[in-house]
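I opened the model to look up how its parts are arranged. My entries follow, one topic at a time.

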Amino acid sequence: MQTLGRYPVSEIFSSFQGEGAHSGLYATFIRFAGCNLRCSFCDEPGSLSVKGVSWISSEEIVAELKSPYVVLTGGEPTLLSLGALVSRLKAEGCRVHIETNATLCPDWVHALDWVTASPKPPDYAVAEGLVERADEWKFVVDEGFSAGCIPREVFCSKKPLYLQPLGLDLVSIQKTLRLLKELQGARLSLQMHKVLGLLLNQEVL
Ligand code: SF4
């Protein structure tokens, strides 16, 4: 149950967007807790549940902003009622983006400036309404991923399609490059923040 006007936030941080069409953009990320999936490759296990997480107000969130570009991420932000927060962020002059696992499409998603939809295994389900609303698609190339995992409606949407290697290891990258040749028109998403971290030998913030 969501407490009125307060949101379960596991962290707020500002960094360079590393994925998709906005790679390289400095943004503030709001990471919400709670997710309806349990992906084997999840790199945010601490954000899967709201247990023990602080519930904070939109004022507290706004006070943490360091960029007018805001990315709602998780966990899975569409599990929450974020309409009022999105309105508040836009009133502050922010452009509000989301990264979603694509399983839900609440009304407030239509007020956002950019929607990154990233369907997940095992069934790569896409909620009705999100096919039209998505601005880009992103698929993580793990061991089980193949071109056949991509739902037909994703291709029909004609939105940019990104494939992202699970890790920055040779096997993951080579598999992703093979799939990009096979799919023709799909693009590489290389988690630029991690590449920069390796090049600079430090976490990029
Ligand atoms: S949808 Fe995202 S946050 Fe949820 S389990 Fe999968 S990778 Fe983790």
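I looked up the strand order and found nine strands in an open sheet, in the order 3-1-2-4-5-6-7-8-9, with mixed pairing. Strands here are DSSP runs of E with at least two residues, helices are runs of H or I with at least four, and both are numbered from the N terminus. Two strands count as paired if DSSP finds at least two bridges between them. Strand 3 (55–57) and strand 9 (187–188) stand at the edges with a single partner strand each, so one side of each has no neighbour in the sheet.

**Source.** I note that this is a predicted model, in which local features need pLDDT of at least 70 and side-chain atom pairs count only at pLDDT 80 or more, while totals for chains, interfaces and linings use all residues. Residues are numbered from 1 along each chain as its sequence is written.

**Strand pairs.** Strand 5 (residues 95–100) runs parallel to strand 6 (residues 114–117), with four bridges between them; Ile 98 stands opposite Val 115 in strand 6. Strand 6 is in turn joined to strand 7 by two bridges, also in parallel, and there Ala 117 stands opposite Trp 137. Strand 7 (residues 136–141) and strand 8 (residues 161–165) run parallel and share five bridges. Phe 139 has Leu 163 in strand 8 as its bridge partner.

**Gly 129.** I found Gly 129 in the loop between strand 6 and helix 3 (130–133). Is Gly 129 partly exposed or buried? It has 14 C-beta neighbours inside 10 Å, so it counts as partly exposed. A residue is buried with 20 or more other C-beta atoms within 10 Å of its own, exposed with 12 or fewer, and partly exposed in between, with C-beta atoms placed from the backbone.

**Helix 5.** I checked the length of helix 5 (residues 170–183). Its 14 residues should span 20 Å at 1.5 Å a residue, and its end C-alpha atoms are 20 Å apart, which agrees. The expected span is 1.5 Å times one less than the number of residues. Gln 184 follows helix 5 and has a positive phi, near 55°.

**His 193.** I located His 193 in helix 6 (residues 192–200). His 193 counts as partly exposed because it has 17 C-beta neighbours inside 10 Å. His 193 and Trp 137 are 56 residues apart along the chain, and their C-alpha atoms are separated by 19 Å.
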